[in-house]
Amino acid sequence: MTLRHALAAHPLGLGLLLGLLLGATPALAAGRVPYGGELRLAHTGSAEQAGDPTFSDSPVEATLFSFQSRPVCRLDASGTAHLAIARDVSRSMAQTVRITLPSLSVATTLARSWARLAGPEAPSPYRALLFPIRGEARQLSSSGAMVELPLSFPWPDMERAICHPSLALPLTTVAPSLGPFAATASKGLLEARLGYPEGRPYLDRVLLTATDERGLARMWTARQVQLELGVLPEAGVLTGPALYATYLAFSPRRVPADFRQAFESAMDREDLTRLFVRAPAVPMPHLLPPALLPQAPARPRQGAPSAAGTRIVTLLYDAASEDQRAVAERIQVKLHERGYKVALEPLQRTVLRARWARGDFDLMLQSLLLPPLPGPALAVVLDAAGRKDLLGVELPLIGGVADPNARDARARERALALAPTVPILPLFAQALGIRAAPELGGLVLDAQGLPVLDGVYLLPAEPARAGAPR
């Protein structure tokens, strides 16, 4: 069974835009999409591109990374998988997923990358996406241009889970670009790759500019860009599902037993999200964001625990995230009302993840780009909570449900049931705000709510009509 046939029956129903055609011309009416041109794109991410997709996991960073590298497949807005760098993804047997790559070198790079992600030297909660593979993917190897994934238990979501952006190939000297575009000698300039498996993009080039919120507004008003990533929601701005979820993890060994009660009694997620988090964002009262857990029951507000003197704790957060800084400062203030003296410690993301892997923290903010699938998303959250032991208990129970809708329902039920027992507190979830100029056509969002530029094109200027004012 091929990937396309295996996944076609599992629509996500996320209500995303399947296609956005921002204009029409006689050439398009005749079925001819124009090739060529340079897309000017501004964004709120870093000007420096990280080579590791597990650290490029904000919506803006994941989008930028996808220009030069992709996972083996990608999910469209309906949840259907499409091949990306892979030539084929299929089930050779019920418990084995077979991936055929373009070459031996790409297959070797993929196997080594995933084996490293599953090992102790590359700590990341995204490793939970590979947990169903026998040996947790630590022993993966390639045979020619093929990588086989033997599963330890039934996991029908495997083919979709490996489409997650964090499982893209790292950018290395062996594989400098495996996406639709490749870097050039000019900083911020990408060129179309003629050999991209899905077909070369319509665009010739993409020019990237990193800026801030004010810069986006200024460049848009001056018509200096045609696409912006990271804009605030307003009329004409596209947004997908809010899957970039932020949590407060805590160490049960290093905080008082009543910490969860103290936090829940002090923190109002609605106010936190509205006042301190960059929109588009939604409060997240449960382990999974509302996009994956619709119609979940409301959580009652807890009362404050009995006073027990001053408690001193340290809260770690990502130094590169303005949202995490603002939220950390708010948590510091609110916990002070419950007798906690909270010291704030900003860290680089690589250091933050290393501290997480060692369990070396009192409190820690974690932001994760969750898969658009309840089962795999729950796996990532449980690992982020430090409860990797639960994966071997919960995932086989979820994967054993054959019907996709019933399987998603089981994952949601387990997310609600496990929430009071795992040392992680959900805070809010964010989406990516995208603004496109009228001359940009063919823009689509994938299941993560990220823009896909493969089919984007620039509409030709319409010729001036006779007698029309110039």
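1. Aromatic pairs. Across the whole structure, which is a predicted model, a search returns eight aromatic pairs. One of them consists of Phe-153 and Trp-155: the ring centres are 6.2 Å apart and the planes stand at 80°, so the pair is classed as edge-to-face. Phe-153 and Trp-155 are both buried.

2. The pair of Phe-259 and Tyr-340. A further edge-to-face pair is formed by Phe-259 and Tyr-340, with 5.6 Å from centre to centre and 80° between the planes. Phe-259 belongs to helix H7 (residues 259-266) and Tyr-340 to strand S17 (residues 340-347), so this pair ties together parts that are 81 residues apart in sequence. Phe-259 and Tyr-340 are each buried.

3. Nonpolar cores. The largest nonpolar core holds 104 residues, and the members that touch the most other members are Val-72, Ile-99, Leu-101, Trp-114, Ile-162, Leu-227 and Leu-453. Another core lies apart from it and has 23 residues, including Phe-259, Ile-331, Val-342 and Leu-427.

4. Surroundings of Leu-227. Which residues are in contact with Leu-227, leaving aside neighbours within four places in sequence? The contacts include Leu-39, Arg-40, Leu-41 and Ala-42, and also Trp-220. Further contacts of Leu-227 are Ile-434, Arg-435, Ala-436, Leu-440, Leu-443 and Leu-453. Of these, Leu-453 is itself named with Leu-227 among the core residues that touch the most other members.

5. Helix H9. Does the length of the helix agree or disagree with its residue count? Helix H9 (residues 322-336) has 15 residues, which at 1.5 Å a residue should span 21 Å; the C-alpha atoms at its ends are 21 Å apart, in agreement. The expected figure rests on 1.5 Å times one less than the number of residues. Buried positions in H9 are Asp-323, Gln-324, Ala-326, Val-327, Ala-328, Ile-331, Lys-334 and Leu-335.

6. The disulfide. How many disulfides does a search of the whole structure find? The search finds one, and it joins Cys-73 to Cys-163 with an S to S distance of 2.0 Å. The link connects distant parts of the chain, 90 residues apart: Cys-73 is in strand S3 (residues 73-75), whereas Cys-163 is in the loop between helix H5 (158-161) and strand S9 (181-183). The angle about the S-S bond is -105°, and the link is left-handed. Cys-73 counts as buried because its relative accessibility is 0%; Cys-163 is buried as well, with a relative accessible area of 6%.

7. Strand S5 (residues 88-93) pairs with strand S6 (residues 96-100) over five bridges in the antiparallel sense. S5 and S6 make a hairpin, with two residues between them. Within this pairing, Val-89 has Ile-99 in S6 as its bridge partner. S6 is also joined by five bridges to strand S8 (residues 146-150), again antiparallel; here Thr-96 has Pro-150 in S8 as its bridge partner. Ile-99 is named too among the core residues that touch the most other members.

8. Ser-56. This residue is placed in the loop between strand S2 (38-43) and helix H3 (59-68). Is Ser-56 buried or exposed? Ser-56 has a relative accessible area of 5%, so it is buried, the limit being under 20%. Not counting residues up to four places away in sequence, Ser-56 touches Gln-49, Ala-50, Glu-61, Ala-62 and Phe-65.

Technical notes
Residues numbered from 1 in each chain as written. Predicted model: local features only at pLDDT ≥ 70, side-chain atom pairs only at ≥ 80, totals over all residues. Heavy atoms only, no water. Disulfide = S-S within 2.5 Å. Helix = DSSP H or I, 4+ residues; strand = E, 2+ residues; numbered from the N terminus. Buried < 20%, exposed > 50% of the residue type's maximum accessible area, 1.4 Å probe, protein only. Contact = heavy atoms within 4.5 Å. Core = buried A, V, L, I, M, F, W, Y, C linked by side-chain atoms within 4.5 Å. Phe/Tyr/Trp six-rings, centres within 6.5 Å; stacked < 30°, edge-to-face > 60°. Pairing = 2+ DSSP bridges.
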